[in-house]
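Morning, everyone. I have one structure to walk through, so let me put it on the screen.

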Amino acid sequence: MDGFRVVCLRVAGIASAAAIMFNPAVASADPPGPPADPHQPDMTKGYCPGGRFGFGKLGVCDGDKYPDGSYWHQWMTRYLTGPQFYYDCVGGDEPLPGPPPPGGCAGSIPRDQPPPPAPDQPPSAA
């Protein structure tokens with residue numbers, strides 16, 4: 001190698017090392033926000049404190065249960081046009097939760113609604 005090539009390679013190496021060592025940060029993280037509410041799941045962030053499951057085109061993400069047994073139930077299904085997300089207040093157990101009790105999900109369901117009929121009783125005619 002001639003002297004000129006050696007000098008060029010050294011200068012290129014030093015410039016590369018300097019660029020790596022003295023490069024200003026390109027990305028930065030947002031400061032942490034308030035802690036997430038364990039009752040409200042967020043499937044898009046993988047936050048499912050009450051559990052998650054899925055099969056085929058269905059995905060389910062649950063929040064923690066309130067003292068009355070109600071909980072937020074987020075579910076997603078995939079269509080040809082893309083995913084569709086749903087967010088419901090429900091009661092009961094998986095895989096098919098029932099309606100929540102009156103006042104469920106910390107008062108999100110109005111208390112003035114009649115309770116759902118018992119499973120062994122036909123609905124009353126109003």
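How many salt bridges does the count come to, if a salt bridge is a side-chain nitrogen of Lys or Arg within 4 Å of a carboxyl oxygen of Asp or Glu? The count comes to one.

Some ground rules. This is a predicted model: local features need pLDDT of at least 70, side-chain atom pairs count only at pLDDT 80 or more, and totals for chains, interfaces and linings use all residues. Residues are numbered from 1 along each chain as its sequence is written, and side-chain values use heavy atoms, with hydrogens and water left out.

Asp42 pairs with Lys45, and the closest N and O atoms are 3.9 Å apart. Asp42 is partly exposed, at 22% relative accessibility. Lys45 is exposed, at 69%. The cut-offs are under 20% relative accessible area for buried, over 50% for exposed, and partly exposed in between (1.4 Å probe, protein chains only).

Now the fold. The protein chain has two helices and four strands. These are DSSP runs, numbered from the N terminus: helices are H or I, at least four residues, and strands are E, at least two. From the N terminus, the order is α-β-β-β-β-α. Of the 126 residues, 21% are buried.

Last, Gln74. Gln74 sits in strand 3, residues 71–79. Gln74 is buried, at 9% relative accessible area. What does it touch, beyond its neighbours within four places in sequence? Its contacts (heavy atoms within 4.5 Å) include Pro41, Asp42, Met43, Phe85 and Tyr86. The Gln74 side chain also reaches the backbone nitrogen of Met43 at 2.7 Å.

Technical notes:
A polar contact is a pair of N or O atoms within 3.5 Å; within protein, one must be able to donate a hydrogen and the other to accept it, and residues adjacent in sequence count only if both atoms are side-chain atoms.
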